[in-house]
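Visitor: Could you take me through one part of this structure in detail? I would like a close look at the ligand and what surrounds it, and then at the aromatic rings.

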Amino acid sequence: MKTRARFYLPYFFLFLAAPCTVRAQAAVEYRERAATEHSWPQHAVRVAHGMVATDEELASKAGVEILEKGGNAVDAAVATGFALAVVEPAAGNIGGGGFMLVRLADGRTSFLDYREVAPGKATRDMYLDANGQLIPQASTVGYRSVAVPGTVAGLTLALKTYGTMKLADVMAPAIRLAEEGFPVSEKLAREFAEERAGLQRFSESRRIFLKNGQMYQVGEIFRQPELAATLKRIAKNGAAEFYSGETAHTIAREMTGMGGLITLDDLANYKPKIREALHADYEADGHAWEVITSPPPSSGGVAVIESLNMLQGIPLKGWSDAESIHMVAEVMRRAFADRAAYLADPDYNKVPVAGLISPCYAKDLDATIDPEHASSSKVIHAGEPHVCGAAASGSAPGAVSLNDGPHTTHFSVVDAAGNAVASTYTLNNSYGSHVTTSAGFFLNDEMDDFTSQPGAPNALFGLIQSAANEISPGHRPLSSMTPTMLVRDGKLSFVTGSPGGPGIISAVLLSVVNWMRLGMPAQAAINAPRFHHQWMPDKIFLEPGISAEVEEKLKAMGYTTARRGHIGLVNAIGIDPLTGERLGAADPRDNGSAVGY
Ligand code: DON
């Protein structure tokens, strides 16, 4: 097994105090910190057979354990998903939801949507006060912010549909990690401390994760017996345990007691969906590329394809070149304006996907970009998407409001046969609603991804969204999560995805551009500095790796700039086109760890 522990220099001396482990340290999304690129790995982990790239080494190892036992990429991904629920409680979960993109070695693709849904008793204005104003934290903290979780249904459906192993076998590493425990990393101890105020408001969160206020120390063994028991019941009884068994009864009882909305019926009615992935073809560097990405209720795949289409005729030199950043930022601005207006749950809205991802529509949008000056988001609004040969039909839905926030996690898996999985799942905010059930796991606050208050920013991210994304029972809130894959000349080439709220879309887009358009090696494609523009607010966010000189040039073009510690955490796997080797490129901005064999 080949693995790499990553270093985050300022914390290096703290690691020395931690027994058993040398771990990279990093932070939840949006933390400001010094540039540490000099300590980042320059090369991907290169192996011949299978690779798992995640935020946590123990989770990557759990996936590889399953691959080495003969499991395929889906078996390993399911094992990894359950393991992350144990070792990365801020984002890994069984109380949240997400998306999984699968590409089998024979070329078949599938998209599993295990996004949460609004409970039956949810109402459009449930987070507003009598004056129509958003009640602070109502949609982000506590029992009423929780949407019906999808993760257990999604992971078990993936296993049943594409896996080869038994649920109990792929869950074994997670159960072991929960039961026997693992050493608390500096990252975990720091995150618990940072979240103390929120976590201590809920008795089970305080008891399990804050040790009743005594707090876990780095290196201390962290055991989660309640979670282990829940995972064992799921391993034995399948998803039914979570949706109608003891776990369901625990969730429903605690919801009733604490003013939450989720009922036994909501849980029993939850259904994950298998959807068609989005596909788009490009020529770059003399090769035929296919981009396979996430359909609605993800907004990300549409935005990534729309952006790649706009970028097709635009030369790009890299991210020390202000003009290249400008052109990509203008493309992001337009894709995010469309996201705000058009994207929502496709089961309840007519999302004009074909028009949005049409190359002819991209040409119209390109014509509005000034190569020398920044546009203003006051002037740029959602466009009129149309397919080639058809006129634009009508305009965007009217009211839009601002929304998006801090932790989610992405994992990528490729097996020896060439099957691949990209999955991003989340509790939304770090530690979700901050509520822990007595069954030992956090519940999400995904309700905040709906448009809670038309015309005003939602609590976490500040993205504009339309009334099409308003709260309604059974609806899925719009997401930015964008698991994506690239195929080059018919062969799997790159598996990618990221957390980061709306920054997900920019981080995934840049990883794709770095690999497909700029031809960067795998690790360089992940290390390269990132930037993000989401239309509103009208600002370009720059990572520390974008130079001050480039920032000045961007300002001179008319941009308002803002610095951000990091944008996204991309855990990707590239395939060496010459040797077929798997190139694990985990994100050094966090604990990212690529492990293979
Ligand atoms: O689905 C979404 O778009 C958000 N719930 C994701 C949140 C997120 O990525 C926070 N993380 N860094």
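Guide: Gladly! In this predicted model, the side chain of Glu446 places an N or O atom 2.6 Å from a nitrogen atom of the ligand. The side chain of Asp449 does likewise, with an N or O atom 2.5 Å from a ligand nitrogen. Gly501 contributes through its backbone, where an N or O atom lies 2.7 Å from an oxygen atom of the ligand. On its own the ligand has 340 Å² of accessible area, and the protein covers 100% of it. The ligand is surrounded by 17 residues, with Thr408, Glu446, Asp449, Ser479 and Ser480 the closest. Sorted by class, this shell holds eight polar, five nonpolar and four charged residues.

Now to the rings. The whole structure contains 17 aromatic pairs. One of them joins Phe99 and Phe111, a tilted pair with centres 5.2 Å apart and 40 degrees between the planes. Phe99 sits in strand β4 (residues 97–103) and Phe111 in strand β5 (residues 109–114), 12 residues apart. Phe99 counts as buried because its relative accessibility is 0%, and Phe111 is buried at 0% as well. Trp319 and Phe531 have ring centres 5.2 Å apart and planes at 65 degrees, so this pair is edge-to-face. Both Trp319 and Phe531 are buried.

There is also an aromatic cluster, made up of Phe182, Phe192, Phe209, Tyr216, Phe222, Tyr431 and Phe442. Within that group, Tyr216 has Lys211 over its face, 5.2 Å from the ring centre. Elsewhere, Arg564 lies over the face of Phe541, at 4.1 Å from the ring centre.

Technical notes:
Residues are numbered from 1 along each chain as its sequence is written. This is a predicted model: local features need pLDDT of at least 70, side-chain atom pairs count only at pLDDT 80 or more; totals for chains, interfaces and linings use all residues. Side-chain values use heavy atoms; hydrogens and water are left out. A residue is near a molecule or strand if one of its heavy atoms lies within 4 Å of it. A polar contact is a pair of N or O atoms within 3.5 Å; within protein, one must be able to donate a hydrogen and the other to accept it, and residues adjacent in sequence count only if both atoms are side-chain atoms. Accessible areas come from the Shrake-Rupley method with a 1.4 Å probe; for residues, only the protein chains shown count as cover. Ala, Val, Leu, Ile, Met, Phe, Trp, Tyr, Cys and Pro count as nonpolar, Asp, Glu, Lys and Arg as charged, and the others, Gly among them, as polar. Rings of Phe, Tyr and Trp (its six-membered ring) pair if their centres lie within 6.5 Å; planes under 30 degrees apart count as stacked, over 60 as edge-to-face and the rest as tilted. Helices (H or I, at least four residues) and strands (E, at least two) are DSSP runs, numbered from the N terminus. Buried means under 20% relative accessible area, exposed over 50%, partly exposed in between (1.4 Å probe, protein chains only). A charge sits over a ring if NZ of Lys or CZ of Arg is within 6 Å of the ring centre and within 35 degrees of the ring normal.
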